[in-house]
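Please read the following points with the model open beside you.

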Amino acid sequence: MRAITIPKPGGPEVLTWTEVPDPVPGPGEVLVEVVASAVNRADLLQRQGRYTPPPGASPYPGLECAGLVDGDPVCALLAGGGYAQQVAVPADHLLPVPAGVALEEAAGLPEVACTVWSNVVHIGRLAAGETLLVHGGSSGIGTFAIQLGKALGARVITTARKVKHEALLALGADHVIDYSTEDFSAIAQDLGGADVILDFVGASYLDRNIAALARNGRLAIIGTQGGRHTEFDLAKVMAKQASISATLLRPRSVAEKAEIIDGVRATVWPLIEQGRIRPVIDRRFPMPEAAAAHRVVEESTHVGKVLLVN
C-alpha cells in the first residue's frame, strides 16, 4: 500500500507519498480501507519532530479516518496511520458514520468529537445555561465545540481573527472576540465569566484564562501552542473555587479511548444525526498532496477541517 511518510523532521515538503508494508491487524483490530483522513495540529508537530507517536502506534501521521471495513462504512479514532490507503484499528475505536453525513466528511469527526466531549462534557461538566469559552473557534476543535456547546444549551463565547467572525456566528457562537485586538478575559468577565474554557494555547493564556473563569469555573487545557512554562497565582484559582485540567487524547490506552468513544456515540452522534452539529469542512486535498494541506493548517487560513482523500 501507499502512505505518507516523514523521512526526516522538517517543513511540509518532507512529507512523502510512498510504498510501505501493508498493516497487519493485531488481536482485537480490524483493517480499514481508508477513504479519507483529516489534518490535525498534532500531525504538524509530528512532522516537525516535536511529537513522537506513542509506543505501538503507526509511524505515519493521521489521527482519524473514514473508510470501509468489509464493505461497511465506518469512521475511526486512530493513534496514527490515517494518511494511508489502509490502517489497522482496534475494533472498539470504530464509530458508525452518522446518518446524513457523507463518508468523506465523517473523516473529520472522530478526533474533534472525542477531544471536545472528553474535555468539555466528561471533565468540564458543561451544563445548559452555563457559558463556554472556546479558544481558536475557527479550528476543527473550535467549530465542533461551538456547535456542541449550543446543542447542550450553553452560551458560547469564542476567539478568532476578525475575518472569521461571520462564519463562527453562523455556527451558533453568541460572542466572537478578536484575540489580536481585544482582551478576551475582560470581555468574558463583563459577560459574567466562563463556566468552562477549552484552551489549546497554554502558558501564555493561563493568567487571563483564570481571570476569565466564573466562580466554580473549569479550565480544560488541551495544547501548548503558547508555551509550556509559566507562573500563576494559586490564590486566584482558589478564590474562584476553580479547577484546571490538562489532557492529551493520543497517548491514552486503548481502553480509555474506548470509554470516550462510547460516550461520544451515546451523546454526540444523536446530535449530529439530528442536524444540530455538522462537520465543518474547509477544503479537501488528494492524499499525495498532504504537504499542501499542512501549509493551509499552518497558515490558519481555514475554518473547520482540512481533509485528505484517497
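1. A cavity is a set of points, on a 1 Å grid over the protein atoms alone, where a 1.4 Å probe fits but cannot get out, whereas a pocket is an open set with protein on both sides within 12 Å along at least five of seven lines; lining residues have an atom within 4 Å of a point. Grid points are joined across faces, edges and corners, and a volume is the space filled by probe spheres set on the points.

2. This is a predicted model, in which local features need pLDDT of at least 70 and side-chain atom pairs count only at pLDDT 80 or more, while totals for chains, interfaces and linings use all residues. Residues are numbered from 1 along each chain as its sequence is written, and side-chain values use heavy atoms, with hydrogens and water left out.

3. The structure holds one cavity of 30 Å³ or more, and the volume of the largest cavity is about 50 Å³. Among the residues that line it are G108, L109, V112, R278 and K305. Helices (H or I, at least four residues) and strands (E, at least two) are DSSP runs, numbered from the N terminus. Helix α4 (residues 140–151) gives the most to this lining, with four residues.

4. The largest pocket has about 1400 Å³ of space. It is lined by 47 residues, of which R41, F200, I222, G223 and Q225 are the closest to its centre. Helix α3 gives the most to this lining, namely five residues. The lining comprises 20 nonpolar, 19 polar and eight charged residues; here Ala, Val, Leu, Ile, Met, Phe, Trp, Tyr, Cys and Pro count as nonpolar, Asp, Glu, Lys and Arg as charged, and the others, Gly among them, as polar.

5. Just after α3, R125 takes a positive phi of about 55 degrees.

6. The second largest pocket has a volume of about 490 Å³. Of its 30 lining residues, E29, G56, A57, S58 and A88 are the closest to its centre. Strand β6 (86–90) is one of the elements that give two or more residues to this lining, and its five residues are the largest share.
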